[in-house]
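Biologist: Please take me through this model label by label. I want the value and the cut-off each time.

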Amino acid sequence: MRTEDENQSTTVVKIGGNAGVDTDAVVDDIAELVDAGRRVVVVHGGSAEIERLADEMGVPQTRQVAPDGVASRHTDAKTLEVVTLALAGSVKPRLVQALARRSIRALGMTGLDGQLIRARRKGAQRAVVDGRTVLVRDNLAGTVEHVETEMLNHALDQGLVPVVSPPAITTDGDAVNVDADRAAAAIASAIEADELVLLTGAAGVQSDAADPRSVLSDVVIEPKGPPPRWAKGGMAMKLIAAREALLGGVSHVIIADGRRTGPVREALDGGGTWVTISSRRRRSS
C-alpha cells in the first residue's frame with residue numbers, strides 16, 4: 001500500500017541490455033521525472049554486458065526457444081555467475097553513478113537483497129532444438145512469485161530511486177535468474193505503478209521483426225495463451241511481461257525505443273507501442 005499522496009505518479013522504467021540503448025538519455029529523463037516529483041523505480045537487464053563478460057570468462061551462452069517462440073537465456077551455474085557479476089558488478093554501479101551525477105540518489109539492489117524478489121525455480125522446460133521439442137532440466141531460471149514492496153516503498157518515500165535487477169531468490173535461499181522484463185512487470189504491479197515503460201533496442205513492437213517500418217502504435221493481446229505468432233524472441237517475452245503488468249493493475253504499458261533522445265518522455269507522451277488487453281481502451285486523449 002502506498003504511503004505517499006495517492007495522486008503522486010509512480011513509473012517503472014525497465015532499461016534493456018541492448019548495446020544500442022542510450023543509457024545517458026534514459027537517465028536524463030529519469031532525473032527530470034524525479035525532479036518533477038514522480039516516484040521512479042528502475043529495473044535493468046544487461047544482455048550486452050553479459051555477453052561481453054561471458055566471452056571474457058570463456059562461458060558459452062545459449063538461447064532457449066520455447067515452442068511458442070518465446071526466447072530466454074539458458075542459465076547453468078556458470079552463466080548465473082556471469083549474470084550476477086555483469087548486472088550487480090558492472091551495469092548497476094554505472095546506472096547508480098549516472099544518476100548521482102544528476103543529483104539523484106539511487107539505491108542499487110538485486111532480487112537477492114532483503115529477498116526483494118522471490119521466485120520459484122522452473123522445472124523441466126520444453127525447448128525447440130534442431131527442429132525437435134526436448135525437455136531441458138538443468139536450467140537455473142525462475143518465475144517471480146513475490147516482490148517485497150515494503151523495501152521499495154520505503155526507498156521511494158525517502159526520495160530514492162531503486163535500481164533493481166536479477167537474480168532473484170527462492171524460498172530455499174537459492175539464486176535463480178529471472179527475466180528482467182517480467183521482473184519489472186511484477187514490481188510495477190506490486191507497487192501499484194501507473195506506468196511501465198520497457199525500453200529496448202527497437203522502435204517498438206514490429207509486426208515484422210526484419211522491417212523497422214512495421215512498428216505498431218498499439219498492440220492488443222489476449223489475457224491468456226501464447227503471444228501473437230508474429231512476435232518472436234525477446235519481443236514475445238516483452239508482450240508477456242506487458243500482459244502480466246496490465247493484469248496486475250498497471251494502467252499503461254509502453255514498449256519503446258531506448259536509443260532515442262528523451263526516450264522515457266517520448267514514450268509517456270504517446271510514442272512507442274502501447275499494449276492493451278482484449279477490448280481495453282489504449283489511453284485517454
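Biologist: What share of the 285 residues of the protein chain counts as buried?

Modeller: The share is 49%. Buried means under 20% relative accessible area, exposed means over 50%, and partly exposed lies in between, with a 1.4 Å probe and protein chains only. This is a predicted model, where local features need pLDDT of at least 70 and side-chain atom pairs count only at pLDDT 80 or more, while totals for chains, interfaces and linings use all residues. Residues are numbered from 1 along each chain as its sequence is written, and side-chain values use heavy atoms, with hydrogens and water left out.

Biologist: How many helices and strands does the secondary structure of the protein chain come to?

Modeller: Seven helices and 16 strands. They are DSSP runs numbered from the N terminus: helices are H or I with at least four residues, strands are E with at least two.

Biologist: What percentage of the contacts with a separation of 6 or more comes from residues 24 or more positions apart?

Modeller: Such pairs make up 72% of those contacts in the protein chain. Contact means heavy atoms within 4.5 Å.

Biologist: Why is H2 called oblique to H3?

Modeller: Take the angle. The axes of H2 (residues 47-57) and H3 (residues 77-100) cross at roughly 125° and come within 9 Å. Therefore H2 is oblique to H3. Under 35 degrees would be roughly parallel, over 145 roughly antiparallel, and 65 to 115 roughly perpendicular; the rest is oblique. The crossing is right-handed.

Biologist: Which residues make the contact of H2 and H3?

Modeller: H2 contributes Glu 49, Ile 50, Leu 53, Ala 54 and Met 57. Among the H3 residues are Val 82, Leu 85, Ala 86 and Arg 94. By class, the contact has ten nonpolar, one polar and three charged residues.

Biologist: What makes Asp 28 and Arg 102 a salt bridge?

Modeller: Their closest N and O atoms are 2.5 Å apart. A salt bridge needs a side-chain nitrogen of Lys or Arg within 4 Å of a carboxyl oxygen of Asp or Glu. The pair therefore qualifies. It links distant parts of the chain: Asp 28 sits in H1 (residues 23-35), Arg 102 in the loop between H3 and E5 (106-110), 74 residues apart. Asp 28 has 37% relative accessibility, so it counts as partly exposed. Arg 102, at 23%, is partly exposed. The structure holds 16 salt bridges.

Biologist: Which residues is Ala 31 in contact with, leaving aside its neighbours within four places in sequence?

Modeller: Arg 102 and Ile 104. Ala 31 is in helix H1. The C-alpha atoms of Ala 31 and Arg 102 are separated by 6.6 Å, although the two residues are 71 apart along the chain. Ala 31 has 7% relative accessibility, so it counts as buried.

Biologist: Why is Lys 238 called buried?

Modeller: Its relative accessibility is 9%, so Lys 238 counts as buried. Lys 238 is in helix H6 (residues 233-247). Together with Lys 14 and Asp 181, Lys 238 is linked in a network of salt bridges. Lys 238 touches both of those, and also Leu 198, Thr 200 and Ile 255, not counting residues up to four places away.

Biologist: Why does Arg 213 count as exposed?

Modeller: Its relative accessibility is 75%, so Arg 213 counts as exposed. Arg 213 also meets Asp 211 in a salt bridge, 3.1 Å from N to O.

Biologist: What is the phi of Ser 103?

Modeller: Positive, about 65°, although Ser 103 is not a glycine. Ser 103 is in the loop between H3 and E5, and at 68% it is exposed. Glu 192 also has a positive phi, about 60°. Glu 192 lies in the loop between H5 (180-190) and E13, and at 35% it counts as partly exposed.

Biologist: What kind of peptide bond joins Pro 166 and Pro 167?

Modeller: A cis bond, with omega about 5°. Pro 167 is in the loop between E10 (161-165) and E11 (168-169).

Technical notes:
Axes are lines fitted to C-alpha atoms, for helices over the stretch in contact, and angles run from 0 to 180 degrees between N-to-C directions. A crossing is left-handed if the near helix is turned anticlockwise from the far one by less than a right angle, and right-handed if clockwise. Ala, Val, Leu, Ile, Met, Phe, Trp, Tyr, Cys and Pro count as nonpolar, Asp, Glu, Lys and Arg as charged, and the others, Gly among them, as polar.
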